[in-house]
Amino acid sequence: MPPKARITKEMVIEAGLNIVRSEGTESLNVRRIAAELKCSTQPVMYHYKTVDELKADIYAAADEFHTEYIMTPNKNINDPLLSIGLNYIRFAEKERFLFRFLFQSDKFSNIGFKEMLDGSDHDFLIKPLAEQTGLAPEQAKTVFETLFICVHGFASLLANNSMEYSEEHFAEVLTTVFMGTIGFIMRGEEK
């Protein structure tokens, strides 16, 4: 029976994720991962045919970490949608390199905004939003898109050190955008 691999695929992914989180994507390469694992490059590449496959697995791990982060309820916020939005913004503040890796890399270079939102499964947010507000699903989707633009804008500014973090300010702006968008949709219905 051959000896068990000392460096597992999971260890390689975790090391890559840690590098991105602490140093950014510029430092993400096979040699740097090997150094993190205190091994040669051979055990790292044993699990992957190409560096692109390795980076794809690290990206998937980063995406999973991000999803868990934003979906963890904020105990101080009663509104689940506001909690998710504020968590998304806080993620960009706390995990700047990881945010840039996920949302400001070439991963989305050929995907437009509409395609990105339509390609993701947001029904778990749209349906309760429609029920909460009494809006039709398409109207709730418009509210979600408007909020997403605002949330992602704040997060991008924070991830690039162009803004100071203030949860109170963000909560106030997001509430105003939410209420304003619903009011705009309702006025359109009255005409």
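Select Glu 36 to start: at 32% relative accessibility, this residue counts as partly exposed (the class between buried, under 20% relative accessible area, and exposed, over 50%, with a 1.4 Å probe and protein chains only). Glu 36 meets the side chain of Arg 32 in a salt bridge, 3.2 Å from N to O; the term stands for a side-chain nitrogen of Lys or Arg within 4 Å of a carboxyl oxygen of Asp or Glu. Both residues lie in helix H2 (residues 30-37), 4 residues apart, so about one helical turn separates them. Helices here are DSSP runs of H or I with at least four residues, and strands are E runs of at least two, numbered from the N terminus.

Before moving on, a word on what is on screen. This is a predicted model, in which local features need pLDDT of at least 70 and side-chain atom pairs count only at pLDDT 80 or more, while totals for chains, interfaces and linings use all residues. Residues are numbered from 1 along each chain as its sequence is written, and side-chain values use heavy atoms, with hydrogens and water left out.

**Stop 1**

Through shared partners, salt bridges join Glu 23, Arg 32 and Glu 36 into one network.

How many salt bridges does a search of the whole structure find? The search finds 6. For one that spans the chain, select Glu 95 and Arg 21, where the closest N and O atoms are 2.4 Å apart. This pair links distant parts of the chain: Glu 95 sits in the loop between helix H5 (80-94) and helix H6 (96-103), and Arg 21 in helix H1 (residues 9-23), 74 residues apart. Glu 95 is buried, with a relative accessible area of 9%, whereas Arg 21 is partly exposed at 32%. As a general point, side chains of opposite charge can pair when their charged atoms come close.

**Stop 2: around helix H2**

Go back to H2 and begin at its start. There a side-chain oxygen of Asn 29 reaches to within 3.1 Å of the backbone nitrogen of Arg 31. Next, colour Val 30, Ile 33, Ala 34 and Leu 37, which are the buried residues of H2. They cover an arc of only 100 degrees around the axis, so they lie on the same side of H2; the arc is taken from the directions from the helix axis to the C-beta atoms. What do the buried residues of H2 pack against? Show H1, H3 and helix H4 (51-71), and you have their partners, with contact meaning heavy atoms within 4.5 Å.

Just after H2, select Lys 38, which takes a positive phi of about 55 degrees. Lys 38 belongs to the loop between H2 and helix H3 (41-46) and is exposed, at 71% relative accessibility. Then jump to Asn 161, where phi is near 60 degrees, again a positive value in a residue other than glycine. Asn 161 is in the loop between helix H9 (137-159) and helix H10 (167-190), and this residue is exposed too, with a relative accessible area of 55%.

**Stop 3: the aromatic rings**

Now show the aromatic side chains: the structure holds 11 aromatic pairs. Rings of Phe, Tyr and Trp (its six-membered ring) pair if their centres lie within 6.5 Å, and planes under 30 degrees apart count as stacked, over 60 as edge-to-face and the rest as tilted. Select Tyr 59 and Phe 101: their ring centres are 5.4 Å apart and their planes at 65 degrees, so this pair is edge-to-face. The pair links distant parts of the chain, with Tyr 59 in helix H4 and Phe 101 in helix H6, 42 residues apart. Tyr 59 is buried at 12% relative accessibility, and Phe 101 is buried at 8%.

Move on to Tyr 88 and Phe 99, an edge-to-face pair with 5.8 Å centre to centre and 90 degrees between the planes. Tyr 88 is in helix H5 and Phe 99 in helix H6, 11 residues apart.

How values were computed. Polar contact = N/O pair within 3.5 Å; in protein donor to acceptor, adjacent residues only side chain to side chain.
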